[in-house]
Amino acid sequence: MAELRADDAELATRWDVLVVGGGNAALCAAIAARREGASVLVVEAASKFYRGGNTRHTRNMRCAHDSATEILTGPYTEDEFWEDLLRVTGGETDEQLARYMIRESKDMLPWIVEQGVRFQPSLGGTLSLGRTNSFFLGGGRSMLNALYRTAERLGVAVLYEAPAVDLDVADGQFRSATIEHKGIRRTIAAKALVAAAGGFEANIEWLKQYWGEVAENFLIRGTPNNRGTVLKLLLDKGVAPIGDPTQCHAVAIDARAPKFDGGIITRLDCVVFGIVVNKEAQRFYDEGEDLWPKRYAIWGRLVAAQPDQIAYIIFDTPSLRMFMPSLYPPIEAPSIAALAAKLELDAAALEATVAGFNAAVRPGDFDHTILDDCRTEGLTPPKTHWARRIETAPFYAYPVRPGITFTYLGTRVNREARMMMKSGAPASNMFAAGEIMSGNVLGRGYAAGIGMTIGSVFGRIAGREAALNARH
Ligand SMILES: Cc1cc2nc3c(=O)[nH]c(=O)nc-3n(C[C@H](O)[C@H](O)[C@H](O)COP(=O)(O)OP(=O)(O)OC[C@H]3O[C@@H](n4cnc5c(N)ncnc54)[C@H](O)[C@@H]3O)c2cc1C
């Protein structure tokens with residue numbers, strides 16, 4: 001059995017490759033390293049039940065492919081993927097590395113299937129991802145279970161509830177990691193390190209350094225374990241940072257969601273069907289600017305910029321069944337004034353905002369799957385598509401807060417997924433994959449499914465390179 005206890009003598013041996021983390025990036029690295037013949041230990045902060053960090057919550061992965069498949073409705077070329085990445089990041093990406101990742105992503109779908117993962121056709125609704133993104137059959141958790149099964153079958157050892165709390169690194173060379181397991185500290189030596197321990201999104205104190213007190217009102221969509229401990233240790237020990245620490249993936253999620261781990265079911269995909277107001281009952285952004293998959297990831301930051309970091313999506317009955325339902329039911333009322341009362345908003349102000357919006361709506365042919373001609377005129381900010389009057393009772397609202405998915409500040413890497421030191425030299429035996437190095441590809445912005453691409457592609461490369469490194 002590949003699962004270890006911290007008192008196992010095996011722990012004291014010097015491993016070829018130590019993988020820190022237990023999500024997609026870590027498991028891809030562990031499997032790739034093991035397939036190269038390395039002895040591999042994975043140390044995961046979470047318990048076995050909660051293993052796999054944010055990967056547990058995922059649904060799909062974006063990979064380039066030249067033709068339709070059983071699952072994907074058409075080709076998605078390397079160039080198109082690159083154009084999409086360029087657009088969402090506004091050019092803030094390492095072009096060489098990003099293009100390399102995209103090229104390698106072509107190989108990922110068959111490789112992931114070889115590791116036991118299964119795909120299913122795209123979900124519908126406002127996602128529009130059927131051509132570009134492969135959905136995991138059974139979701140991220142089932143994907144992870146398949147990876148763990150394969151890793152264990154190959155002989156990868158896994159230690160749960162074993163967060164890395166310190167690293168012994170000198171002159172770009174990793175020697176050992178200190179882990180804490182059930183209150184006891186252990187030193188684990190290895191010839192090479194793969195850091196795949198996520199970003200620092202669950203570390204509110206660290207977020208506050210850049211966002212100030214407003215970070216107290218952020219909800220963390222994924223694991224409480226991604227506190228950036230390993231990232232910070234590496235940066236403190238001379239690894240070059242990459243990325244703006246305020247940049248992250250953040251969406252609007254139901255304000256009633258738990259502080260951590262609410263997952264995908266607390267996300268709200270109905271912004272395009274209504275209007276969004278702040279606690280002063282004022283609109284603040286064009287809700288119909290572009291198709292939802294291209295805009296959903298800006299709403300976390302938009303809400304973060306509002307007073308008390310709260311906002312309300314307001315819509316009426318015709319829209320109620322047009323989007324994917326979320327965990328919590330919407331707040332319902334027979335009139336706008338009654339809705340305002342339930343939301344504790346100023347009723348006159350909300351009525352005035354809705355009336356002003358309704359008066360500005362121009363007639364058009366509503367179609368939420370295209371950039372339709374339903375828009376407002378003479379309104380600031382405008383709603384440029386899918387603008388329909390909010391006039392049919394009952395009326396509905398969802399309160400929303402910024403839901404932070406993952407941060408982009410990371411360790412700089414080269415195309416071997418090898419960390420780069422502040423001196424400009426490559427680290428001798430340290431590699432990184434996944435969120436912890438996502439800033440190399442994502443300077444800002446996001447396109448759905450890229451998180452898993454970054455983890456899988458660089459995870460596989462990091463594992464392979466770490467194994468080769470250990471061998472030599
Ligand atoms: C709700 C939600 C939905 C998402 N949906 C998608 C999607 O459909 N498609 C997509 O591409 N992306 C999606 N993402 C983003 C995606 O989850 C991440 O990009 C991806 O999972 C990152 O993989 P990773 O292995 O780097 O990190 P994780 O999967 O988060 O793994 C990090 C691991 O490190 C462990 N860890 C942390 N600190 C330590 C430590 N000190 N010692 C040891 N272990 C440690 C954690 O326990 C965890 O197991 C979603 C994220 C969320 C939160």
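Start by selecting Arg444, which is partly exposed, with a relative accessible area of 33%. Keep in mind as you click around that this is a predicted model.

**Stop 1: Arg444 and its partner**

The side chains of Arg444 and Glu92 meet in a salt bridge, with N and O 3.2 Å apart. Where do Glu92 and Arg444 lie? Glu92 is in the loop between α2 (78–89) and α3 (95–105), while Arg444 is in the loop between β19 (426–432) and α12, so this pair ties together parts that are 352 residues apart in sequence. Glu92 is also partly exposed, at 43% relative accessibility.

**Stop 2**

How many salt bridges does a search of the whole structure find? The count is 28. Here are some to look up.

Select Asp16 and Lys191, whose side chains form a salt bridge at 3.2 Å, N to O. Asp16 belongs to strand β1 (residues 15–20) and Lys191 to strand β9 (residues 184–195), so the bridge ties together parts that are 175 residues apart in sequence. Is Asp16 buried or exposed? Asp16 is buried, with a relative accessible area of 17%. Lys191 is partly exposed, at 30%.

Next, pick Arg375 and Glu377. They form a salt bridge too, and their closest N and O atoms are 3.5 Å apart. Both ends are partly exposed: Glu377 has a relative accessible area of 44%, and Arg375 has 37%.

Now select four residues at once: Asp66, Glu78, Arg103 and Lys106. These are linked in a network of salt bridges.

**Stop 3: helix α3**

Color α3 and look for its buried residues. They are Leu97, Ala98, Tyr100, Met101, Ile102 and Ser105. What covers them?

**Stop 4: the ligand**

How many residues surround the ligand? There are 39, and the closest are Glu44, Asn54, Thr55, Asn60 and Met452. Sort the shell by type and you get 15 nonpolar, 20 polar and four charged residues.

Zoom in on some individual contacts:

- Glu44: an N or O atom in its side chain is 2.7 Å from an oxygen atom of the ligand.
- Gly449: one of its polar backbone atoms is 3.1 Å from an oxygen atom of the ligand.
- Asn225: a polar backbone atom here is 3.4 Å from a nitrogen atom of the ligand.

How much of the ligand does the protein cover? On its own, the ligand has 1000 Å² of accessible area, and the protein covers 97% of that. Now color the elements that give two or more residues to the shell: α1 (24–35), β16 (395–407) and α12 (450–471). Which of them gives the most? That is α12, with three residues.

**Stop 5**

Select Thr223, in the loop between β10 (219–220) and α7 (229–236). Its side chain reaches the backbone nitrogen of Asn225 at 2.9 Å. Thr223 is buried, with a relative accessible area of 2%. Leaving aside neighbours within four places in sequence, Thr223 is in contact with Gly53, Asn54, Arg56, Ala202 and Asp261.

**Stop 6: Gly451 in α12**

Go back to helix α12 and click Gly451. At 22% relative accessibility, Gly451 counts as partly exposed. Not counting residues up to four places away in sequence, Gly451 touches Phe406 and Tyr446. Try the distance tool here: from the C-alpha atom of Gly451 to that of Asp290, 161 residues apart along the chain, the separation is 21 Å.

**Stop 7: Ser176**

Finish in strand β8 (residues 173–181), where you'll find Ser176. Is Ser176 buried or exposed? Ser176 counts as buried, at 10% relative accessibility. Which residues does Ser176 touch, not counting those up to four places away in sequence? Select Leu167, Asp168, Thr187, Ile188 and Ala189 to see them.

Definitions and conventions. Residues are numbered from 1 along each chain as its sequence is written. This is a predicted model: local features need pLDDT of at least 70, side-chain atom pairs count only at pLDDT 80 or more; totals for chains, interfaces and linings use all residues. Side-chain values use heavy atoms; hydrogens and water are left out. A residue is near a molecule or strand if one of its heavy atoms lies within 4 Å of it. A polar contact is a pair of N or O atoms within 3.5 Å; within protein, one must be able to donate a hydrogen and the other to accept it, and residues adjacent in sequence count only if both atoms are side-chain atoms. Accessible areas come from the Shrake-Rupley method with a 1.4 Å probe; for residues, only the protein chains shown count as cover. Helices (H or I, at least four residues) and strands (E, at least two) are DSSP runs, numbered from the N terminus. Ala, Val, Leu, Ile, Met, Phe, Trp, Tyr, Cys and Pro count as nonpolar, Asp, Glu, Lys and Arg as charged, and the others, Gly among them, as polar. Buried means under 20% relative accessible area, exposed over 50%, partly exposed in between (1.4 Å probe, protein chains only). Contact means heavy atoms within 4.5 Å.
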